[in-house]
Amino acid sequence: MKKMSRYSICSGPVICCILVLFSLMCGCVDTDTAPATDTAEQEEGITPPVCIPPQSEADFQEDLPPIHASEVSITVLYDNNVYDPHLQPDWGFSCLIKGCEKTILFDTGANGSLLLKNMEKLQVTPEEIDIIVLSHIHQDHTGGLESILKIKGDLTVYVLQSFPFALKEQIQGYGAHVIEVDHPVRVCSHVYTTGEIGAYISEQALIIRTDEGLVIITGCAHPGIVRIIQKAHDLLLSDIFMVMGGFHLQGATQSQIQEIIAQCQELGVQYAGPCHCSGDMAMVLFEQAYNTHYIPIGVGTIIYLGELE
Ligand SMILES: [Zn+2]
Ligand SMILES: [Zn+2]
């Protein structure tokens, strides 16, 4: 990693300001807002202070057999839907993946103190997180990042290459190792990101390769949920066991949602768990279509993949 001498490492409030500046205006509800752009520093040609992993197809593949689905659990720490009434819902998304080689926090919700409170009630601590993957720049997915890094800075954060330069630098200022994602990469054994998808509001989704098939977790699915599923399938050439997260179907018509459900079924998605920005109508229609293979998701949901088999 290159050290930067020109820019000082600033304290917490600055990272908050950066997130607000670059993402508050780009809430997941509004798709008409402009995507985050790189900062002037990048335009000046200064090398970002981050390590970019090798991104060949060979790096994406591994010889290990898939992980047993029964070893993996996913805990929803932050969502605007209620599952466990003891937890506080709020607009945003975050979940914790346990059981793989590393413990992974996928997105961080909007509000750090609320994230920490929900984590405490779920008996999850920041110290146990090894890796954070941020799906996209929107504040309801990145807002809790600083609170985690303040408690545990010594972890690895996967960001999109298109994230603001200053934000990457601030994350590194907490001691975290920043990895920029452009192409699909392996995060740890059995876990991958799709790479940066979409040009307008670009995003990455997480893929877990299990013996039951692929588990795909999305933040908002701004590039399109079907596009993300298709990409995961094409990358790993495996059936899709489960898709969960924000499907971004608020505002979609019933016929549009039904077409998407049909496409999910054609792609072989066995279980579906739409939440966050999926919209009430989509959640109802997915539940009708998937029946016992529909996973109701809200803050506090704990999915033990082995129980879905
Ligand atoms: Zn969102
Ligand atoms: Zn979003």
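In the predicted model, strand S5 (residues 156-160), helix H7 (residues 165-173) and strand S6 together form a β-α-β unit that is right-handed. The two strands of this unit, S5 and S6, run parallel and are joined by five bridges, and Leu160 is found opposite Val181 of S6. Strand S6 (residues 177-181) is largely enclosed by the rest of the structure, because four of its five residues are buried.

The nonpolar interior was examined next. In soluble globular proteins, nonpolar side chains tend to be buried together. The largest nonpolar core of the model comprises 89 residues, and within this core Ile216 and Ile229 are the residues with the most contacts. Helix H8, which spans residues 225-236, gives the most to the core, contributing six residues. When residues up to four places away in sequence are not counted, Ile216 touches Ala205, Ile207, Ile228, Ile229, Ala232, Ile240 and Val243, so that the two residues named above for their contacts, Ile216 and Ile229, also touch one another.

A further set of buried residues is found in helix H10 (residues 280-290), where Ala282, Met283, Leu285 and Phe286 are buried. An α-helix has 3.6 residues a turn, so residues three or four places apart point the same way. Just after H10, the backbone at Asn291 adopts a positive phi of about 50°.

How values were computed: Residues numbered from 1 in each chain as written. Chains lettered and ligands numbered in written order. Predicted model: local features only at pLDDT ≥ 70, side-chain atom pairs only at ≥ 80, totals over all residues. Core = buried A, V, L, I, M, F, W, Y, C linked by C-beta atoms within 7 Å. Buried ≥ 20, exposed ≤ 12 C-beta atoms within 10 Å, placed from the backbone. Contact = placed C-beta atoms within 7 Å. Pairing = 2+ DSSP bridges. Right-handed = clockwise from strand over helix to strand, strands pointing away.
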